[in-house]
Amino acid sequence: MVNPIYLFVIALAAGFLLSLIDKAGRSAALTVFYAALAAMAGISAQAFIAILGGAESAMIFTAGFKPPFSINLQMGLEESFFTMIVNVLGLLSGIYLVKKLKTEKVYALVLYLMMIMGLNGLIMTRDLFNLFVFLEITSIATYSLIGIERNIRSLSAGFKYMIAGGLASMFFLIGTIYLYRFTGVLHLDSMAEALDLASGPAVVLAVFTLLISVLIELKPFPANGWALDVYEAADDGLVAVIASASSAAMLFVLYKITPLLNGTLLLAVAGIGLTTFVLSNLMGLMQHSPKRLLGYSSIGQIGLIMGVYALLVHSGAASEPMTLLLVAGGLFINHFIAKAGLFWLAGLVGKDSLEGWHVLRKKPVLVFMFGVFILALVGLPPFPGFFAKWQLVMVFSEKGLTLATVLVLLGSFLEAAYLFRWLGKVLKTEGEGEVKTSFAQGLPLTLSALALIGLGAGFSLWIPGGSGLKILYLPMLLAAALFLLDFLPAWVKNTLVILLMSLYAWQLLPGLEGYRFLFGIIFLAGGVLLLIPGYAFKGKRRGFYPFAVMMYAGLAALLISESTLQLFAAWEIMTLGSYFLIIRGKRSEPHALSYMLFSIGGAFVMLMGLGLLYGVNGQSLALTSLETLTQSAGVIFLLIMLGFLTKIASMGLHIWLPGAHGEAETDVSPMVSAILLKAGMFGLIVLMSAIRRPMIGNVDITYWMSWLGAITVFLGNLLAIYQEDAKRLLAYSSVGNLGYVLFGLSMMTHMGWLTSIAFALNHFLFKALLFLAIGGVVMRVKTKNMYEMGGLIKRMPVSFISVLIGIIALSGVPPLSGYAGKWLTFNILLEKGWYLQGLVLIIGGLIAFLYCFRLIYAVFLGQLKDNHRRVKEAPLPVLIPQIILMIAIMFFSAYPGLVLHPVGDFLLKYFPQGAISWQNNTALTAYGHWDGLAVLIITGVMFASVFALLLITNRKAQKVGQFNIVYAAERPSRPELTHVGYNFFAHYRKALGIFSRPFAVKFWDGVSEFAHSAADLFRKIYSGNGQTYLVHIILFVVVVYAFVTGG
Amino acid sequence: MITVFIVVLSLVMIAAAVLAVQQKSLLSAVLLAGVISLLASILYLVLAAPDVAMTEAAIGSGLTTIVFLFALNKIRKQGKHD
Amino acid sequence: MTLITILGFILIVIGIWGMLSQSNIIKIIIGFSIVDTGIHLVMVSIGYLKDRTAPILDETVGKAEALARVVDPVPSALVLTAIVIGLAVTALMLAYAVKLHEMKGSLDIHDLKELKW
Amino acid sequence: MIKKYAVLLLLGAFALMLLPFVTEVTPFEELSPVAQKYVKDGPDELGSANLVSSVIVTYRGLDTLGEVAVLFIAAAGVGFMLRRRGDAKKPVKREASGILRSGTVFLFPLVLLYGIYIFLHGHLTPGGGFQGGVVIASGIVLLLLAGVSAKISGTVLHWIESLSGAVYVALGVLGIVLAAGFLDNRILPAGEFGRLLSAGAIPLIYSLIGLKVGAELVGIIDAMQKDEL
Amino acid sequence: MGFEPIKILYSLLSLFIIFNIGMLINGITRKIGARVGRRHGIRFYQPYIDLVKNYALRSNITHGIMFYLGPVFRLTGGIGVYLFVPAIYGSEYFGNFSFAGDLVLITYFIFFGTLGMALGAGEGGHPYSAIGISRGLAQVTAAEIPLVIAFLGAAIQYQSLSVTEMVALQQGGIQNWTLVTNPLLTAVALIAYLGTMMRSPFDIVLAPQEIPIGPPTEYHSTFLGVLQTNRAIFPMAKTVLFMNVFFGGATNWGVLILKVFLIYMWSVFVGVVFPRFRVDHSIRWFYKYALPLGLVALAATSLLIK
C-alpha cells in the first residue's frame, strides 16, 4: 500500500504549483490537475483493495509521534472506501467540468483540488482539531468554487452557505476546546476513552455542540435552507461533489465521532435524521425546479442515512459490521452515486422545469441513465437502495423500531411520489429541444449508472438470503440483453422474447404443483399468448421488451419464491416492469404515476408486514415461517394483505386501475389486466394458505375481507356501467371481477378458494379476450369513446365474436365458463352463511350485464359511423390470440372439471374437508350440481334448432340499407341519429347516483391535497433570507438541546 | 488588581461589541471590531499567551481591519446602482 | 480566568445577535468576526492555568521547572490556527460582499431572495 | 418588531444553553496529559524553546500545513471571486503624498527585515511564520497605500508563494524519508538549545510559512484593492 | 339424474305442453285484461292465429346478422330456462334436463335470452330500440334483486340449490310449502315475479306508447313469430320455477297447470290495477322497498333454519 499521506502531498504540491504550471499553458495545468486527481483516486483505491485483501489498515503518525501527541491519520477499510469513492467522484466530476475548467482561471483547478483534498482529510484524520482544519479547507474551497458561476443566484446561495457554515464552525470549535478541557486530548480515540458523559452537564453540552455542528453540516430540517439554495444555484458538476462527496465525508465524520455520543444523543440524531427525511421529501412534492427538487431529495437522503445509522448504533445492530454495511452503507452508496449522476444530468439538460427534461428522450441512453438514477433513489430493485431498505426494515423490526420503520417508509414513499412524477414527465412530455453531450460528460454518467447496476448485483449477493435471488438472474439478464438489443426491429425482439419465454416456461412449469402450476400457466403461457399481438406493431418499439420481460420475470419469480425476500424482490420487479409498460400509453402519465404510487405504498405496507414477520418469528426469511407464526399473526396478515389488495385494486385502493389499464396500449392492457392482477391474488393465496385464522383481537379479518370483496364487486361494476370509454369500462369491470376473487378467498373454505380460482382463470380468459378485441378496435377507429363507434360488426366481425363470447363469459350467463364462478358462489354462500355480503356480491354481478351489453352494443351494433366505413378488421396478430382464447373459453366451459378438479384436489392440502366432488364432468356439492358439458350441449342444440327454424322460415331475409328506415316520421340522414351511445344508463345514474360518487377518489385526492398543502406550508420557512436561515440554525440548536437534556 | 483590569477591559469590549453591532456607520463598526481584537490581544497577554496576542494584534485587529477597509473602499467605489 | 471565558461567550452572543439582527452584509460579517474573537478568547482562557507564564523556555523558566510553571501551549497553538482561518473566512466573505454588491447594487441580505422554497 | 424580540428571546435561550460551560467548568488544575508531554519532552525532542512553536510546527504540523492551505485557498478564492473580466482597463494609478511615499520607501526594508526576524526566531521568542508573514504583508500594504507600486509584481509573488508551499510539502515528505514521519522537523540536527540555528527544521519551516503566508496575504489584499473596471 | 336419450323426447313433449299452456294463458289474460277495461277483447285462441300468421308472413328483411340471431338467442333462452327446470316432481321423464344444473343455472340462464334480445334489437335500425334495451336491462337487473334474494332465501331454507330437492322438502301438504313456512320470502319472490314478467307496472320496456317502435316491434313476420313463441314459453318457464320453489311444485300436469295459472294471474291482477313506472322509478322502487323487504326475509330465513 502506498503511504496514504501522499494523498495530501500530491494534492498540496500540485495545488501550490498549479498556478506556476499554468503559465506554461492550460493544458499542462490540466494534465497535472487530472494526474493529481487520478493519483489520489488510485492511491485510495489501491489501499482499499489491499485492505480488502487482508492488509493491515495503515496508521499515519505525522511528525513521528504516536497519538495523542501528534495528529494521526488512519487508512482502514472504511477510510479507504470513503476516500476512494470521494476521489473517484472528484475525478469524474472534474472530467465532467473539463470545459469549464479549460476556460476559467487556474484558481478553479486549485480550489477544486483543495476541496477534494479537504474531503480526504475529513475522512482520514483522527484528530478533532485537525478535522476542523480540513473542514475549513473543504468549506472555503467550496464557498469559493460556488462563485464559479457568475450569477447572482449562485453568489447569494454561496453567501448564505458561508454564514451558515461559519456558525457550524463556531460550534465545532467550542465543542472541540471543551472536549479538550474535559479529556486533555484531541485525538478522537483517546478522547472517547477518557470521556465520561455522566460527569456533568457541561460535558454533555460539549459533545452536543460538537455533534450539532456536524449535524448542521449534514443539513437537518429546518436548518438547511442554505443548502437547498446551493443545490439549486451552484454549478452542476460542483453540486454533484457537494451533494455526494461532501455529504459522504460529513457522514463519515459523524461515524467517527459516534464513540463520543451516548444513547440520548444518538436518539436525537435519529430523530433529526428521520424528521428531515420525511419533511424534506414532503416538501419535495411541491418542487418544480429540478435542481431544487434534487436538493430536497439529497437532504432527505442524508437525513435518512444519518437517522438510520444512529438507530443502528443505538439499538446495537451496528455491532454487526455486515448489518451496518448493508443498511447504512447501502443507502449511502445508492444515494451517493445516484445523486451525483442526477446532478450531472441536470448540467447536461440545463432546464429549469421538470417537464423540460423531456429533451433527454432524444438520447435513449440518457433516458436509461435517468431511469437508473431515479429508480435507485426510490429504492427499487435491482439497485442497492432496494436491498438496503429491505435489510433496514428487517433489522429495525427485529429491534422493535416500528415507528422508525414507518417514518422511513413514509419518507421513501413521498420521495417516490415526486421522483416518479418527474420520471413520468420526462417520458411523456412532448416538445422541442435536444441535449448536447460530450465524452467528458458522458463518461461520469455512464460509469455511475454502471456502478449502480453492478452494486445492485453485489448487494443482492451480500444480503442475507440473497442467494435466493438467483431465480431472477436469468430473466433479468434477458431484460438487460434486450436493452442492448433495443435497436432491433420489434418483430425480431418479439420472436426472441416469445421463444425464450416459452423455453423458460417449459423449464419452469413442470416443477410447479397445484395452484402454482395454474398461475404459472396464466403468467407464462398467458404471457406468451399476449406477446403475439406485438407483431402488429411496426418499427422498433423501443423500451417495450425489456420491461415486458422484467414484468414476466417478476411474475415467474413470484411463483417459485420461497423466501420473503424473493417474494418482495419479484413483486417490485414486476411492478417496475409493468409501470414502464403502462406508461407507454398516449395519455398514461398521470395514471401510471398513480399506479406506481399505489403499488409502492402497498409494497411498503407489505414490507412492514414482512419485517414484522422477520422480527417476531426468529429472523426467518422463509415463507413457510408464516405458518408457524404464533404472535402478531393478525397484524402481519393485515399488513401483507394490504399490499396485495392494492395490486388487485380492491375498492378504496382501486382508483389507479381504470386509468392505468384503460390508457395502456392495446397489448399492454390485457397483460396488466388479465395477467398482472392475478399476481395480487397469487400473493393472497400464499398468505392465506399460511395464516388460516387471521385475527386481530376478536376481529376475524377474513370476515371484513369478504365485505370488501362484495363491495368491490358492487361498486366496481356499478362504476363500469357509467363509463363512456370502452377500455375504462373493462378496467372497472376488472375491479369488480377481482372483488369476486377476494370474496372467494375470504371464505377460507375449500369451495371458496375453488370459486376464487375459477373466477381468476375465467377473468384471465375473458379479460384478455375483451381487451384484445376492444384494443384492436381502438387501434383501428382511433377513439376509445363508445358513443363515437357503432356498427363495427360489419367491419370487424371477428372482434365482434370475441367480444360476444367475452361478455357472455364475463357476465356468468350459462353456458360459458363465467357460470362456474356464479354457481360456486351460491354454494359457498350456503356453506359459509355470509348472506349479506353474498347478496351485495350477487347484485353487483347482476349489474355487470348492463355494461356487458353496452360494450357490445355501442361498439359493434347500431349504425356504422361515416368515418368508420373503411376501417379494417384488427390486425391478424391481435386476432390470433383472441381465437385461441375463445377456444380456451369454450373448452373451459365444457370441461371445467379438467381444471377445477385437480386444483380442488390440491387445495385439500389446506382444507381437508373438500366440499366438491366430481362425477365425470358433473360437479357435485352438498347443495347442488352442475354439468358444464351438458349445459353447453343442450344450449347448443336448442340454439341450433331455433336457428334452423328461423333459417327455414326466413331464409330470404334481405339486408335493409342503413338509412332506409323511418322513425318519428323522419328519415335519418346521419348515423349519429340512429345510434344512442352517450350516457346510456342515465336512468341508473338517476336511481343509484349516490353510489357512483367517487368517494375513494375524493378521499385520495384529499390525502394528496393535504400532503401538498402541508408541503407548501412547511417549505414557506425557506424564505430565501439568509438571516432567517441563521435563525433556523440557532433555533434548531436550542430546541434539540432542550430535547436532549429534557428541559 | 488584575481582576479589576480584566473587568474594565471586558466592559469596554462588550460596549464596543454592542456599539459595533448597532452602529449605523460601517466604517466605525469595522474600526470598533478592530478595537475589540486589539483589546483581546491584551487579554491574551494576561492569559500568558504572547504568541496568540501577537497574532491577534497582527491579524485579528490589523490585517482583518485592513481587508475590511479595502473591501469597503471597493464597495464605495462601485456605488449604488439600483 | 473564568471572567475571560464569560467575556468570550458574551462576545459570541453579541456577534450572533449582530448576525441575526443586522441586514447589512458587512455588519453580518462584522458580527461574525466578533464571534470569532469571542471563540478565540474562550479557547485561550481554557488553556490558562492560574499564576503561570507563557510556554516559552528561557532563563527564567528552565526545562526542569517548566512543567509546573507554564500554561498549556495547546490551546494557544489551536487559536493561532483558528485566527488565521478566521481571517481567511472573513476575507472570502468580504469578497462575496463586494461581488454581491457589484451584481446586486445592495448590501441588504433581505434582497438576496432569488432562491426560496 | 416582533421579529426583533423573538430574536432576542432566542438568543437568551441560546445563552442559557451555553451557561454550563461557564458554571460547570473549572479551569485546568494542571497541564493536560498531552500538554505535559509537550512541556516535558518537547524541548529535548525538538529543541525549540517556544513550546507553542514546537506544537505548531511539529506536533500539530499537519494543522499548520492545513492552515497554510486554508490561507492559500482563501487567497485563490478571493482572487477568483474578484477576478477581472478579460479586457479590463489598466488600473488608474493613484498619487499619494510625497511624504508618505518617501517614508514608505525608507520604512519598507525595515518592516521586511522585522518580519524576517520574527519568523526566524519563532522557535525562541513569541511569534513565528504567521506573525512574520503578516508583518511582511503589512509592509507591502504600506507600499500599496503609498502607491509606490500599484502593480505588485505578480510573478515574483507567485513564484514565492508556489515555491515556498511546494518546498514546505517537500520538507514534510523528507520527514518521512529521513525522520519518523511526515512533517517531522528532526530532519535537521536539533542543534544547541536556544540558538538561532537550532530546533531542527523549525526555523526553516517557519521561514517558508512566513514567505508563503506573506505572499498569500498580499494576494488577498491585492485582489481587494484592485480596481474593478 | 343422469342423461338418457329418451329424455329428449319427453322434454320435447313437456316443452310442447308448456308452450300450449303459455299460448292459452296469454290469450286468456288478454281477454281478462280487456274485460276489466270494459272492452270485448280478443278470442282466447287469438295468439295461435297471430303466431301462424306471423310465421307465414313474407316481409323478410334484416338489419344484420345479430338482428337475425337476436330472436334465436331469445327463444333459446326461454326454452332453456324451461328445460332446466324439473317440471313435474317425481316424474323420471318430465324432470327435463335438470341434471345439468340447479337453481343457479336457471337463474343465470334467464339472462341468456335477455342478452340475445338486447343484441338483436341493438342492431335494429332505430335508436329507440336501444333505449328500450337500456331500460329493459336496467329494470331486469333491479328486479333480479328480490329474485336473487328469494332464491337465495329458499336455498338457505332448504340448504340446497337443487330445485328437485326443494320440491321434495315441500311435499306432504300445503303446510310444507314455502308459501306457508316462509311467507315473507314468498312475498319477496312474488314481487320479483312481477318485475320479471314485463307487465305493468314494470312494462315500460315494451312501452309502445312512449317509444313508437319498441324492441319487439322492430321485429316482424317470422322474427316476431319466434318472439311470440318465446312469450308463450318463457313466462311459463319462470312461473313453473316459482311454483317449484315456493308453491310446492307439481307432481302431475294437472296440478302444474292449476298452480301456474294462479301464479300467473297474480301478475295479471297487479298489472291491471297499477299504472306503469318510469325506469328510474322502478329501479329505485326495487332498491327502496324490495331490497329491504328481501333483507328482512333473508334474516328471517336464517333465523328460521337455526
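1. How many of the 23 residues of H2(C) are buried? In this predicted model, 23 of the 23 are, so helix H2 of chain C is largely enclosed by the rest of the structure. A residue counts as buried here if 20 or more other C-beta atoms lie within 10 Å of its own.

2. The length of the same helix, residues 25-47 of chain C, can also be checked. Its 23 residues should span 33 Å at 1.5 Å a residue, and the end C-alpha atoms are 34 Å apart, which agrees.

3. The contact between chains E and A involves 68 residues of chain E and 61 residues of chain A. On the side of chain E that touches chain A, at least two residues each come from strand S1 (61-62) and from helices H3 (65-84), H4 (103-122), H5 (127-158), H10 (221-246) and H12 (279-305). H5(E) gives the most, with 17 residues. By class, this side of chain E has 45 nonpolar, 17 polar and six charged residues.

4. Chain D contains eight helices and zero strands, and its elements, read from the N terminus, follow the order α-α-α-α-α-α-α-α. Of the 229 residues in chain D, 52% are buried. Among contacts in chain D between residues at least 6 apart in sequence, 72% join residues at least 24 apart.

Technical notes:
Residues numbered from 1 in each chain as written. Chains lettered and ligands numbered in written order. Predicted model: local features only at pLDDT ≥ 70, side-chain atom pairs only at ≥ 80, totals over all residues. Contact = placed C-beta atoms within 7 Å. Helix = DSSP H or I, 4+ residues; strand = E, 2+ residues; numbered from the N terminus. Nonpolar A, V, L, I, M, F, W, Y, C, P; charged D, E, K, R; others polar. Expected span 1.5 Å × (residues − 1). Buried ≥ 20, exposed ≤ 12 C-beta atoms within 10 Å, placed from the backbone.
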